[in-house]
Amino acid sequence: MDRVRWGIIGCGDVTEIKSGPALYKCDGSELVAVMRRDGEKAADYAYRHNIPRWYDNADALIEDPDVDAIYIATPPNSHCHYTLLAAAAGKPVYVEKPMALNYAECKEMTAACAAAKVPLFVAYYRRQLPPFVKVAELLQDGALGQVRFATIQQYGAPSAADLDSTRHPWRVVREIAGNGYFYDLGCHQLDLLDYLLGPVVSARGAAANQAGLYESDDIVSALFEFESGVLGSGLWCFTTFSGDARDCTEIHGSEGRVEFSAFALDQPVILSTDKGREEFHFPPPEHVQQPLIQTIVDELRGIGKCPSTGQSGGRTNRVLDMVLSKASASAS
């Protein structure tokens, strides 16, 4: 492709700043059509972002001959359906995270795109953000020595919507999002570790709904092992008290430790060794998905490679499934 002309299925909140503008700001890229089931909202989005066409029907957008590639920004329960439709139309797909409701759907999506000979990308955009690229560089340069283990800690208080049974966020509804905030947030952290340390080959975990605010589990603990032999653990709890908020991922090695926040992008990457403590600061980009989207556009134009694919995204869903199976599981 000389230029990539995008269509968005599901132009909701995530596309307002994080991703949508990146589709028309990246080099060699333009956004030509958007779709939302509420036609008035689709039209409003198109007007505000200066997009030439809008639809209230996904099939119509997918079949638009001026749309080269499809960005699926709907909740996870429709990711597989729309990916299969886009693949059947011969169009590359960029899908939001988590890639699907479960690993079985991920395999169906990758198989369909492979059969149609179209690429499939997943919105794990942290793989291209400067703080995490720096962590990868530290690991590659041997700053930690031999890597021993990694830990994830994610705690937080419930939101006002979590406490109000009349307006629960869709992210805590199982049939829409999988299994609550662990799927919505934990997937980013687990995908980052896949990017930094390689694939996880086995995982097990325990989960519970302690507070009973919604139907999804609100606490999850996990143990996992990477292909390299590095071990990992994680604990996620979304119903602690407000002063207990924490978002920290640590990677420990024989000669040092690196720690970082997965979500507070204004926080530094911290390297600790026998030589002392060093902090690396990076200003967050205006549109956090833009660096990753640029790699997708470059790959579609034949001048680059995207680090977040259907294969890597599927691996993250597989770990989510293994952890929530509440039993040990290994690679098939």
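## Second largest cavity

By class, the second largest cavity has a lining of 7 nonpolar, 2 polar and no charged residues. Ala, Val, Leu, Ile, Met, Phe, Trp, Tyr, Cys and Pro count as nonpolar, Asp, Glu, Lys and Arg as charged, and the others, Gly among them, as polar. The model is predicted: local features need pLDDT of at least 70, side-chain atom pairs count only at pLDDT 80 or more, and totals for chains, interfaces and linings use all residues. Residues are numbered from 1 along each chain as its sequence is written, and side-chain values use heavy atoms, with hydrogens and water left out.

The volume of this second largest cavity is about 40 Å³. Its lining consists of Pro131, Phe132, Phe260, Ser261, Ala264, Leu265, Gln267, Pro268 and Val269. A cavity is a set of points, on a 1 Å grid over the protein atoms alone, where a 1.4 Å probe fits but cannot get out; a pocket is an open set with protein on both sides within 12 Å along at least five of seven lines; lining residues have an atom within 4 Å of a point. Grid points are joined across faces, edges and corners, and a volume is the space filled by probe spheres set on the points.

## Largest cavity

The whole structure holds 2 cavities of 30 Å³ or more. The largest has a volume of about 60 Å³. Leu190, Leu193, Asp194, Val200, Phe224, Phe226, Arg315, Thr316 and Val319 form its lining. Helix H9, strand S9 (219–226) and helix H11 (310–324) each give two or more residues to that lining. Helices (H or I, at least four residues) and strands (E, at least two) are DSSP runs, numbered from the N terminus. The lining of the largest cavity has 6 nonpolar, 1 polar and 2 charged residues.

## Largest pocket

The largest pocket has a volume of about 930 Å³. Its lining comprises 32 residues, and Val14, Ala73, Pro75, Trp170 and Arg171 lie nearest its centre. Helices H1 (13–25), H4 (79–88) and H9 (180–197) are the elements that give two or more residues to this lining. The residues of the pocket lining divide into 13 nonpolar, 8 polar and 11 charged.

## Nonpolar core

The largest nonpolar core has 95 residues. Such a core is a set of buried Ala, Val, Leu, Ile, Met, Phe, Trp, Tyr and Cys residues joined through side-chain atoms within 4.5 Å. Trp6, Ile8, Tyr94, Phe182, Leu197, Phe224 and Ile251 have the most contacts inside this core. H9 gives the most to the core, with 9 residues.

Leu197 touches Leu139, Val147, Ala150, Phe226, Ser228, Val230 and Ile251, leaving aside residues up to four places away in sequence. Contact means heavy atoms within 4.5 Å.

Is Arg127 buried or exposed? Arg127 counts as buried because its relative accessibility is 5%. The cut-offs are under 20% relative accessible area for buried, over 50% for exposed, and in between for partly exposed (1.4 Å probe, protein chains only). Arg127 sits in the loop between strand S6 (120–122) and helix H6 (130–140). Its side chain reaches the backbone oxygen of Pro307 at 3.0 Å. Beyond four places in sequence, Arg127 touches Val133, Asp191, Asp194, Tyr195, Pro307, Ser308, Ser312 and Arg315.

Arg5 is in strand S1 (residues 4–9). At 26% relative accessibility, Arg5 is partly exposed. Beyond four places in sequence, Arg5 touches Glu30, Val32, Pro65, Asp66, Val67, Asp68 and Ala69. Arg5 and Leu23 are 18 residues apart along the chain, and their C-alpha atoms are separated by 8.6 Å.

## Loops and backbone

Most residues other than glycine have a negative phi, and most peptide bonds are trans. Asn50 is not a glycine, yet has a positive phi of about 60°. Asn50 lies in the loop between helix H2 (39–48) and strand S3 (53–55). Asn50 is exposed, at 68% relative accessibility. Lys117, also not a glycine, has a positive phi of about 60°. Lys117 is in the loop between H5 and S6, and is exposed with a relative accessible area of 73%.

Pro119 is in the loop between helix H5 (103–116) and S6. Pro119 is partly exposed, at 27% relative accessible area. The peptide bond from Lys97 to Pro98 is cis, with omega near -15°. Pro98 lies in the loop between strand S5 (93–95) and H5.

Key. A polar contact is a pair of N or O atoms within 3.5 Å; within protein, one must be able to donate a hydrogen and the other to accept it, and residues adjacent in sequence count only if both atoms are side-chain atoms.
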